[in-house]
Amino acid sequence: MRVIEAAKVTEAVRALAMEKAYKLSGDVLRAFDEGEKKEKSETGKEIFRQIKENAEIAAQGEVPYCQDCGMAVIFAEIGKDLRVDGNLEAAIQEGVRRGYTEGYLRKSVLGDPLRRKNTGDNTPAVIHYSIGEGDKLKLTFGAKGGGSENMSRLAMLKPSDGEEGVKNFVVETVSIGGANACPPLVLGVGIGGNFEKVAEIAKKAALRSPDKRNPDPYYAAMEEELKARCNKLGIGPMGLGGVVTVLAVNIEVFPCHLVALPVAVNVNCHADRHGEIVL
Amino acid sequence: MAEYKIQTPLTAEVVKKLKIGDKVLLSGVIYGARDAAHKRILDGLAKGEKVPFDVEGSVIYYVGPSPARPGKVIGAAGPTTAYRMDAYAPKMMELGMRGMIAKGKRNDAVKDAMKKHFVAYFGATGGAGALINKCIKKAEVVAYEDLGPEALRRMEVSDFPLVVVGDCYGGDLYAEGRKQWEGKS
């Protein structure tokens, strides 16, 4: 049994939180370049130039890419042969607390949804745990903006709605809320599971790299088709009109009940802040 | 599509010139307020309190900046989504507000009030928090400090790059822009 100290987890999360707020990853920046080339609207091209310049300024480390530094979401995959010396949950939360405080990041988390008092340190983060093989701890970190999260949707479709029903729901989600979610977007689409699982896998999909397609060719083709359909909506960068509304559609699937066809669309804005580390 | 350099406070005459798609470089004093600050302003009015800034001709920026580093004016300061302020905007226009800076679609009540009171809605690039930071020369909290990022702020901006996304003739760039590009690839 391998053992790692909880303090190492805290440090890794702190570093991810601080880095991601300032530095978009190469896959996202490449998607911007590609999008700028494809965009035909002049206003849309100008938006791409602005977000690329914004990324350059933010990468200098003085000002975050976006003032909404997000609510932190962490997927922790724990190898069965690993033991964390200390409290893993507390270690992750402490990492978020330190990262958002020391990084001069905006604290956007309220302690209660209706009484709405800010916790002051951006905790709690939302953490999803899973147990797998090996003796490592894999942390996937996302700083998820609230504006795009608000445009996300979930539906319990009927099996008879089928593939077309799922696809229509995804396109409809972008049609309704895309303009408000800071396009160009990355869509995380969950299909299957049950009520809570479908939202979780949609989030996982949203945090996946925009240049990674689903390993199943059937779903990889659906990702491409959905991207093309969403881009025909005309919404464009920042919703001001254009042919590039989404940069990528990422699909994750899970087995489901025979009466069910759950689908969830987790909308991510162009501030696609995701990263992972293996400890 | 015209390009304008505009100074705050705004007048009805200036707003009447603006049409959707026009590019604007805005300079002068603007006020940063969003959900919680709007609620405080209007709750205060209902109790007979005064609005804590000069609303006449004012431009309100829907923004909740990230904290300023030591010695810096402000942190990242891009626009937030406007529809959450739709419930408050018509009343603010009635009080004299002449411009809004944010991003995203508005409802019909807001559009109608913009026609009635000659108000412009300017779009800033959402998520471009670091870029917009450069245009903000001064920032101070003027009220509701306890709201943190949502406090009411007075800011001095210089050549803030904006696009007119809603004009006082009912024009809506979100609808028009999409219509122009729908079905194309």
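This is a predicted model: local features need pLDDT of at least 70, side-chain atom pairs count only at pLDDT 80 or more; totals for chains, interfaces and linings use all residues.
1. A sheet in chain A. One place to begin is the open sheet of four strands in chain A, whose order is S6-S9-S7-S8 and whose pairing is mixed. Its edges are formed by strand S6, residues 153–157, and strand S8, residues 246–256, each of which pairs on one side only. From one strand to the next the twist averages 15°.

2. Inside that sheet. Strand S7 (residues 185–193) and strand S9 (residues 261–268) of chain A run antiparallel and are joined by six bridges. A reader who wishes to find this pairing in the model may look for Gly190(A), which stands opposite Ala264(A) in S9(A). Helix H7 of chain A, made of residues 195–206, lies across S6, S7, S8 and S9 of chain A, and the helix runs at about 150° to S7(A).

3. Another sheet in chain A. Chain A also holds an open sheet of four strands in the order S4-S2-S5-S10, again with mixed pairing. Here the edge strands, each pairing on one side only, are strand S4 (126–132) and strand S10 (273–278) of chain A. Neighbouring strands of this sheet are turned against each other by 15° on average, direction ignored.

4. Strand S2 (residues 71–79) and strand S5 (residues 137–144) of chain A are antiparallel, with eight bridges between them, and Ile78(A) is found opposite Leu137(A) in S5(A). Helix H1 of chain A, residues 6–22, lies across S2, S5 and S10 of chain A and runs at about 155° to S10(A). H7(A) packs on this sheet as well, where it touches S2, S4 and S5 of chain A, and its direction makes about 95° with that of S2(A). Helix H7(A) therefore deserves a look from both sides, since the helix lies across S6, S7, S8 and S9 of chain A and also touches S2, S4 and S5 of chain A.

5. The contact between the chains. In the model, 43 residues of chain A are in contact with 41 residues of chain B. The area buried between the two chains is about 3500 Å², and carbon and sulfur atoms give 58% of it. Of the area that chain B buries against chain A, 20% is supplied by Arg69(B), Arg178(B) and Trp181(B), more than by any other three residues.

6. Polar features and make-up of the contact. Between chain B and chain A the count is one salt bridge, in which the side chains of Lys72(B) and Glu62(A) meet at 3.5 Å, N to O. There are also 19 residue pairs in polar contact between these chains, both residues being at pLDDT 80 or more. On the side of chain B that touches chain A, helix H5 (129–133) and helix H6 (173–181) of chain B each supply at least two residues, and H6(B) gives the largest share, five residues. By class, this side of chain B has 17 nonpolar, 14 polar and ten charged residues.

7. A salt bridge within chain A. Over all chains, the whole structure contains 43 salt bridges. One of them joins the side chains of Asp121(A) and Arg97(A), at 2.7 Å from N to O. Asp121(A) lies in the loop between helix H4 (88–102) and S4 of chain A, while Arg97(A) lies in helix H4 of chain A, so the pair ties together parts that are 24 residues apart in sequence.

8. Backbone features to check. Most residues other than glycine have a negative phi, and most peptide bonds are trans. Against that background, Tyr104(A) has a positive phi of about 55° although it is not a glycine, and the residue lies in the loop between H4 and S4 of chain A. Pro124(A) lies in the loop between H4 and S4 of chain A, and a cis peptide bond with omega of about 0° joins Thr123(A) to Pro124(A). In chain B, the peptide bond from Thr8(B) to Pro9(B) is cis, with omega near -5°, and Pro9(B) is placed in the loop between strand S1 (3–7) and helix H1 (12–17) of chain B.

9. A residue in chain B. Ala36(B) is found in helix H2 of chain B, residues 35–46. Not counting residues up to four places away in sequence, Ala36(B) touches Leu147(B) and Glu150(B). The C-alpha atoms of Ala36(B) and Met85(B) are separated by 9.6 Å, although the two residues are 49 residues apart along the chain.

Methods: Residues are numbered from 1 along each chain as its sequence is written. Chains are lettered from A and ligands numbered from 1 in the order in which they are written. Side-chain values use heavy atoms; hydrogens and water are left out. Two strands pair if DSSP finds at least two bridges between them. Axes are lines fitted to C-alpha atoms, for helices over the stretch in contact, and angles run from 0 to 180 degrees between N-to-C directions. Contact means heavy atoms within 4.5 Å. Buried area is the accessible area (1.4 Å probe) that two parts lose on being put together, summed over both. A salt bridge is a side-chain nitrogen of Lys or Arg within 4 Å of a carboxyl oxygen of Asp or Glu. A polar contact is a pair of N or O atoms within 3.5 Å; within protein, one must be able to donate a hydrogen and the other to accept it, and residues adjacent in sequence count only if both atoms are side-chain atoms. Ala, Val, Leu, Ile, Met, Phe, Trp, Tyr, Cys and Pro count as nonpolar, Asp, Glu, Lys and Arg as charged, and the others, Gly among them, as polar.
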